[in-house]
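Subject: Handing over a structure, with notes on what was found

Dear colleague,

I am passing this structure on to you, and my notes follow below it. Please read them with the structure open beside you.

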Amino acid sequence: MQSSRSGPPPSSAGEDVLADYLRRLCSDVTLVANKDGFFPRWVDQISTYISEDFVAKFAKLSTDYDRISMVWTVKPVHSLTIGKFYKAKDGGASVRLREEGNAAFQKRTVRLALERYCQAVTRAPNSGTSLPLSYGNRSAALSYLKEYRWSIRDIRLALVAKYPADLHYKLLERAGHCYQELGLLQEGWCCYRGALAALPTAGLEEAKMSTWSKNLHKKMEECAQSKVSDCRKSVVTSTSEEEQRICSSEPCDADLEKAISLIINDPENMANSDWKGVGEPTPGVSLPSNPFLPSASSALRLHSSPQAGRYAVADRRVEAGEVLVEEDPFAAVVARDMMGAYCSYCFRRLLAAVPCPDCCGVAYCTEVCRQSGLPAHRWECPFLDLLHASGMSLNGYLALRVISSKPLQYFLQLRPALQQTGLLQCPANSSNEAAQQPQELFVPSLEHPHDSSSYLSVYRMVGLEKQREPLDFLQRTLMAVLLLKVLQRSGYFGAWNEETAADAAADDEQLYIGALLLRNLQVLQFNAHEVSGMTFLSEPLAFRSSKSLYLGLAVYPTVAFFNHSCFPAVSRYFIGRRMVVCSIRSVEEGGILAENYGPVFTHHTYEQRQRKLLSRYWFNCECEACVGRWGTYPELVQPMRLKCPHCNEPLSSLPNPSTRKPLGAKEARCSMCHKEVPFEQMTSDMALAQQRYVSGKREMDAGAREAAVSDLLQYVTLAQRHAALPLKDVHLALEALRLLVAARGTCALVLKKK
């Protein structure tokens with residue numbers, strides 16, 4: 001059997017041959033991103049041992065469990081050594097990086113110092129003084145940069161990591177300063193007094209001790225004389241009388257403990273990242289409750305058909321600008337080259353990273369994100385570099401993350417429900433013919449609403465298993481075996497015995513999880529979503545020169561119901577890793593609410609779009625733009641034409657003598673349906689629409705995002721109501737809206753000039 005795909009077809013090959021080649025090529029890319037990795041070579045090695053008879057038998061298998069079971073029996077499959085391979089902590093490197101940070105800080109190149117301190121934190125082992133000292137030094141850089149809350153968070157982390165007691169006075173003084181700058185004067189006063197209490201153990205010379213004591217008393221007086229800030233309710237509850245009594249007494253250990261307790265227990269110091277993106281605040285999201293789809297607006301319902309599968313439609317008229325879905329992913333992975341810059345859990349930009357306690361490859365923006373991300377990461381942590389060396393695509397990482405994000409017991413409890421789909425065959429049901437037959441597509445109902453937090457919502461996604469070639473299935477099965485071996489050795493199924501033979505038989509639970517991994521590799525090929533951000537080169541924000549930034553991959557079970565259109569009705573943005581989908585043009589009741597999978601008709605010809613969609617997603621597009629053969633921007637040269645509000649046909653024949661009314665009259669008659677149209681009102685509306693279009697472009701160029709969105713939505717709504725499409729200005733406005741909406745996300749940043 002030939003293990004690797006054949007090369008590109010000759011130029012004389014027919015369209016069907018080319019389409020088949022492109023489809024296989026795209027399928028391969030969703031499995032392996034780097035052909036220089038060991039996975040392709042491993043597959044080649046195994047293929048030399050596989051007979052045609054084996055392939056023929058494998059091709060007849062109808063369930064993922066059976067595929068995993070059969071491939072596991074191939075001896076060469078177990079020739080691959082799975083061992084821990086990751087970037088471990090290095091105390092010496094951490095010390096060197098912290099010293100480089102200190103040198104940069106002394107020169108007041110504080111941004112560089114912050115970068116070095118972040119690296120020092122990431123490389124520092126959990127034991128010893130390197131980690132707390134790195135946190136402490138980084139807090140100084142953050143305070144200097146006026147990132148006061150971030151500084152206090154690092155002070156907390158330093159204290160939790162057992163910062164040297166003789167240096168507590170420095171940390172507490174810095175915490176007091178940050179609280180004072182935040183307007184939290186009682187907290188500041190408490191920290192200053194704690195610093196005073198820590199001075200006797202600092203080992204300072206008498207003169208230096210006296211200077212520190214005077215400065216701390218002065219700062220306490222500043223806090224006491226000022227009014228308590230109204231920024232938020234203080235977490236310190238002492239009364240003014242109590243403060244006066246305490247002020248007259250000498251600081252003691254109780255004051256030190258109180259200050260440390262304040263910093264450690266202040267919920268704001270453990271909170272989610274307070275990054276709000278760039279530019280204007282993102283509008284609040286409020287969704288009318290949908291009993292079928294809890295993450296979606298009540299304006300949305302699902303239809304299904306054998307050709308289109310399940311897809312979202314409007315349950316009422318949807319206006320331009322409505323929020324339709326707000327959803328957290330079932331699982332998400334940050335792209336490898338973004339791991340050092342973005343939180344591995346929430347995808348927000350890192351300022352003061354909180355690292356994985358065991359490896360140097362993963363970091364989080366806050367402790368909350370680390371606590372949320374570690375339950376999945378702990379199974380992958382020792383094997384991250386091994387997975388990267390395999391050359392697998394991000395789909396492979398996501399397939400693993402879908403499993404590692406939940407404990408084994410969770411999937412064991414789901415097994416009966418998964419068995420009902422007919423896609424998973426277990427030994428106990430192998431003779432049950434009904435269980436082997438694929439069930440109808442699940443459409444949520446009041447009795448069985450959609451639950452995007454359940455793995456069942458991922459498993460039920462379309463994987464097009466009936467259209468897959470045996471070789472494609474075989475390669476995905478081998479990738480599932482690789483991922484399963486990683487889970488075995490990570491302890492996911494229980495402690496791994498290093499004495500276990502590499503080719504030892506997998507038990508039923510392991511084969512079951514392997515089957516789920518294989519299913520994930522199929523459905524994620526078509527249903528995973530890119531998580532993206534926006535980069536700007538300057539402020540005010542220049543939207544026209546902004547760039548989309550690929551951050552990672554995630555699976556959103558509700559958003560996955562949205563089918564494709566080359567003329568999309570919706571756009572999306574990300575609040576952290578949460579996706580928000582909103583309409584950018586109106587859709588009538590019953591109309592399809594479609595997103596876009598890549599090719600837009602204004603930038604790609606009909607032939608290009610069909611070829612790309614057929615190769616990547618295995619369907620022929622029949623959207624409005626494709627059926628109407630709408631042209632790209634250079635072809636959209638026709639002037640604006642009004643359309644009949646009754647039959648939607650262009651009023652290109654006006655004026656017409658048969659209408660008995662001249663052009664410019666209050667009403668005219670459509671030559672197609674012969675009904676009267678309010679011509680004067682339509683032309684008046686379009687004049688207003690043009691004003692909104694001009695105003696929207698001006699606001700966009702000025703960096704006024706929400707004002708531009710408002711004007712352009714009004715233009716699109718009026719133009720959609722009265723003008724025949726395609727119309728170049730309408731599609732330029734929609735393109736601008738997609739850009740503006742994307743910029744609402746928190747995954748946005750400004751690249752400052754160096």
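What volume does the largest cavity have? Before the answer, please keep in mind that this is a predicted model, in which local features need pLDDT of at least 70 and side-chain atom pairs count only at pLDDT 80 or more, while totals for chains, interfaces and linings use all residues. Residues are numbered from 1 along each chain as its sequence is written, and side-chain values use heavy atoms, with hydrogens and water left out.

Cavities

The largest cavity has a volume of about 80 Å³, and a search of the whole structure finds 4 cavities of 30 Å³ or more. A cavity here is a set of points on a 1 Å grid over the protein atoms alone where a 1.4 Å probe fits but cannot get out, and its lining residues have an atom within 4 Å of a point; grid points are joined across faces, edges and corners, and the volume is the space filled by probe spheres set on the points. Lining the largest cavity are Trp150, Arg153, Asp154, Leu157, Asn269, Ala352, Val354, Cys365, Thr366 and Glu367, and the largest share of that lining, 4 residues, comes from helix H8 (residues 148-160). Helices (H or I, at least four residues) and strands (E, at least two) are DSSP runs, numbered from the N terminus. By class, this lining has 5 nonpolar, 2 polar and 3 charged residues, where Ala, Val, Leu, Ile, Met, Phe, Trp, Tyr, Cys and Pro count as nonpolar, Asp, Glu, Lys and Arg as charged, and the others, Gly among them, as polar.

The second largest cavity holds about 50 Å³ of space, and its lining, which includes Cys566, Phe601, His731 and Leu734, has 7 nonpolar, 2 polar and 1 charged residues.

The axes of H25 (residues 705-722) and H26 (residues 728-742) come within 10 Å and cross at roughly 145 degrees; axes are lines fitted to C-alpha atoms, for helices over the stretch in contact, and angles run from 0 to 180 degrees between N-to-C directions. This crossing is left-handed, a term used if the near helix is turned anticlockwise from the far one by less than a right angle, with right-handed used if clockwise. The residues of the contact divide into 13 nonpolar, no polar and 2 charged.

In the loop between H25 and H26 lies Pro726, which is joined to Leu725 by a cis peptide bond with omega about 5 degrees.

Helices H5 (residues 91-106) and H6 (residues 110-123) have axes that come within 8 Å and cross at roughly 165 degrees, which makes H5 roughly antiparallel to H6 (an angle over 145 degrees). H5 passes H6 in a left-handed crossing, and their contact has 9 nonpolar, 5 polar and 4 charged residues.

For H2 (residues 38-47) and H20 (residues 470-490), the axes come within 11 Å and cross at roughly 115 degrees, in a right-handed crossing. Among the residues in contact are Trp42 of H2 and Met479 of H20.

A backbone detail

Phe347, in the loop between strand E4 (331-334) and strand E5 (354-355), has a phi near 70 degrees, a positive value in a residue other than glycine.

With best wishes

Note on methods. Angles under 35 degrees count as roughly parallel, over 145 as roughly antiparallel, 65 to 115 as roughly perpendicular and the rest as oblique. On a 1 Å grid over the protein atoms alone, a cavity is a set of points where a 1.4 Å probe fits but cannot get out, and a pocket is an open set with protein on both sides within 12 Å along at least five of seven lines; lining residues have an atom within 4 Å of a point. Contact means heavy atoms within 4.5 Å.
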